[in-house]
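Subject: Handing over the structure

Dear colleague,

I am passing the structure on to you with this email. Please open it first, and then read the notes below alongside it.

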Amino acid sequence: MDGRLENLLGALVVALSDSMSAAVQAAAGHPGAIGAALAVLAQEPGLGIEQLRLPLRRTQSGTVRVVDQLVADGCAQRRPGRDQRSVAVRLTDKGITAAGQVLDTRHDVLRDAVAGLSADERTALAATLAKVLASITTDAVHAEQICRLCDVRACPPRTCPVGGAAHAKPVPGTEPVPGTELIPRTEPAPGTRPAPGTKPLSGTRPEQRPIPGKYRSNGR
């Protein structure tokens, strides 16, 4: 082995990371974790600070500052959480629109990167990337971090190689603190929705509003 594959992969990762970070920050209007927070909250509404900080890879105080900025921008609201000591963060209509712009921008960067591939090459690359992603995923928290900018409609939970690997690789001897568990990336049964005033059952995703944007509207 001459290391060429690894070197090319490293260069690709750096190039895409730079391009995507710049594009997402421009779409979000702020540097740092704001873009990822918009994407996560749009697809998992009602997360608390502890739940949100894990995919963002931020401390609790750092996550509070992110939420403060979203609220100041009119993109999010703090609502009562599971108890009097907790809050649930939900995006406003402005935040939903901003999240759609973030995800559209991310998609455009990645679409352009693979525009020169044939259909067969796209299929082969998708299979290879799924295998690599599954192999590097260590646990559920790592999976949330890897997928923090993902669009779950493009890669639904039932086919996500990262989520599948996370379930197959639990962290030995660790248990979540009550009230801080990650929201499972599972889908509700078709045609079902919670009754007014009730919370989703454990193991189901909460009802979500559609995120506007060309990426989401075309079903890709």
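This is a predicted model: local features need pLDDT of at least 70, side-chain atom pairs count only at pLDDT 80 or more; totals for chains, interfaces and linings use all residues.

Residues are numbered from 1 along each chain as its sequence is written, and side-chain values use heavy atoms, with hydrogens and water left out.

The chain as a whole

The protein chain contains 9 helices and 2 strands, where helices (H or I, at least four residues) and strands (E, at least two) are DSSP runs numbered from the N terminus. Following the sequence, these elements come in the order α-α-α-α-β-β-α-α-α-α-α. The chain has 220 residues, and 32% of them count as buried; here buried means under 20% relative accessible area, exposed means over 50%, and partly exposed is in between, with a 1.4 Å probe and protein chains only. Contact means heavy atoms within 4.5 Å, and among the contacts in the chain with a separation of 6 or more, 66% are between residues 24 or more positions apart.

The nonpolar cores

In soluble globular proteins, nonpolar side chains tend to be buried together. A nonpolar core is taken here as a set of buried Ala, Val, Leu, Ile, Met, Phe, Trp, Tyr and Cys residues joined through side-chain atoms within 4.5 Å. The largest such core has 29 residues, and L38, L41, L52, V66, L70 and L91 are those with the most contacts inside it. Two or more residues of this core come from each of α1, α2 (34–43), α3 (49–56), α4 (60–72), β2 (87–91) and α5, and α2 has the largest share, with 8 residues. Another core, of 5 residues, lies apart from this one and includes C147, C160, V162 and A166.

Helix α3

Helix α3 is mostly covered, since 6 of its 8 residues are buried, namely I49, Q51, L52, L54, P55 and L56. These buried residues pack against α2, α4, β2 and α7. Just after the helix, R57 takes a positive phi of about 60°.

The salt bridges

How many salt bridges does a search of the whole structure find? There are 4, a salt bridge being a side-chain nitrogen of Lys or Arg within 4 Å of a carboxyl oxygen of Asp or Glu. One of them joins the side chains of E50 and R53, at 2.9 Å from N to O; these two residues are 3 apart in helix α3, and so about one helical turn separates them. E50 is partly exposed, with a relative accessible area of 24%, and R53 is also partly exposed, with a value of 24%.

In helix α5, the side chains of R111 and D108 meet in a salt bridge at 3.3 Å, N to O, and because they are 3 residues apart in that helix, they too are separated by about one helical turn. R111 counts as partly exposed at 35% relative accessibility, while D108 counts as buried at 19%. R111 forms a salt bridge with D112 as well, with the closest N and O atoms 3.3 Å apart, and the shared partners join D108, R111 and D112 into one network.

The largest pocket

A pocket is an open set of points on a 1 Å grid over the protein atoms alone, where a 1.4 Å probe fits and protein lies on both sides within 12 Å along at least five of seven lines; its lining residues have an atom within 4 Å of a point. The largest pocket has a volume of about 2500 Å³, the volume being the space filled by probe spheres set on the points, which are joined across faces, edges and corners. Its lining has 50 residues, with L16, R106, L110, L129 and L133 lying nearest the centre. The helix that gives the most to this lining is α1, with 11 residues. L129 belongs to helix α6 and is partly exposed, with a relative accessible area of 44%.

Best wishes
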